[in-house]
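Me: Could you walk me through this structure, step by step? I am new to it.

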Amino acid sequence: MKTQLKGDRVLAGKEAVAELYKTGYFGRPKGDGLELSLVEAAFLLSRGKLEIELEGKLLDFRAFFEQASLRQPNFELKYIVYKDLKERGYYVQPSAADFRVYPRGSHPGKSAATIFVHVQSERQLLPVTLLQESVASAENVHKQFILAVVDEESDLTFYEVKTAAPEGKMPEPYPAVKTDATFLEDRVIAWDSQASETLYTRGFYGKMLDSERLQLSLVESLYLFSGGVITVRDRKGEVFSFDKFTEKASEIESSFLRKYSAYKHLRDSGHVVKTGFKFGTNFRVYRKVESIEKIPHSEYLVNVIPADFEFRLPVMSGAIRLANSVRKTMLFAVEKGEEVKYLDISRIKM
């Protein structure tokens, strides 16, 4: 079957509608013929289903592939993903999100596509804004969003990306105590033994310095301070204001306020939040803790990122693999003004 390469499309005649579209759902009818995307045409060319001409010259696979790569950004990546999905038995059609994929056993006309696929090279930076917009577009029409990452050896890794709204089950964010505390070098210590024990055993804040005194992290301290639980003083006894505390904490850690926003949101929504340092993340998060003696496995690992963040995919992959290996969900908390939005990213088998 002879076809013509025109711009970023391959045009076929009337017979292609019956032979390619109605049997394999390739391309889309246009006028009396069929219009194929470049990846569809390359796939069919590799299987001897069509011939492609450019200005009267017949193109072999190499010549067409080179032409297609000049005419469409990331063509070779998209072809790798398209070919993989087709060989797995999916019906795949190009779309604004790179591809829409139909469930196995179904096809266009029988049911709607259920998956949107976005293709990305492991070398490319991925702006979180692009990811959020793509996921929102998919979820608005009740589709699953899949990120297909092509590594330097052309192997594929698929990630499911979805929004999350984590809800915890802790009954109270603050135990009913009030106590003094001192801001030292880069942490805060509460001195009263009874208040320290209550905050530690009932609120699951901090770590005991000894049997009477409690060490608190900076985000824990500001959260308790903002709730009127602790009064924070400097080492000369002067009481901190909220602004003075945040200024000093931000000098110690430049991302402090961003971390605090996520910490506050998670605590307010009923979670216990502890440092995730041992996992290479900002926080590890528990939906519910019954007692300090029987702390369960945390459900989430959370990294807090700014709204203009760009993912480096090898780093993202490492974080997700670690979370999966310890049976936790990897959440990325995205700062958005005074709000925090969460992306749940996990590996998936197609």
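Predicted model: local features only at pLDDT ≥ 70, side-chain atom pairs only at ≥ 80, totals over all residues.

Me: Which residues form the covered face of strand β2?

Reply: Strands here are DSSP runs of E with at least two residues, and helices are runs of H or I with at least four, numbered from the N terminus. Strand β2 spans residues 9-12, and Arg9 and Leu11 make up its uncovered face. The covered face is Val10 and Ala12.

Me: Which residue in β4 stands opposite Val10?

Reply: Two strands pair if DSSP finds at least two bridges between them. Four bridges join β2 to β4 (residues 33-37), and the two run antiparallel. Opposite Val10 stands Leu36.

Me: Which residue takes a positive phi in the hairpin of β1 and β2?

Reply: β1 (residues 2-6) runs antiparallel to β2, with four bridges joining them. Lys6 stands opposite Arg9. Two residues lie between the strands, and the one with a positive phi, near 60°, is Gly7.

Me: How many residues of helix α7 are buried?

Reply: Buried means under 20% relative accessible area, exposed over 50%, and partly exposed in between, using a 1.4 Å probe and protein chains only. Helix α7 covers residues 218-226, and its buried residues include Leu218, Tyr223 and Phe225. Of its nine residues, the number buried is eight.

Technical notes
Residues numbered from 1 in each chain as written. Heavy atoms only, no water.
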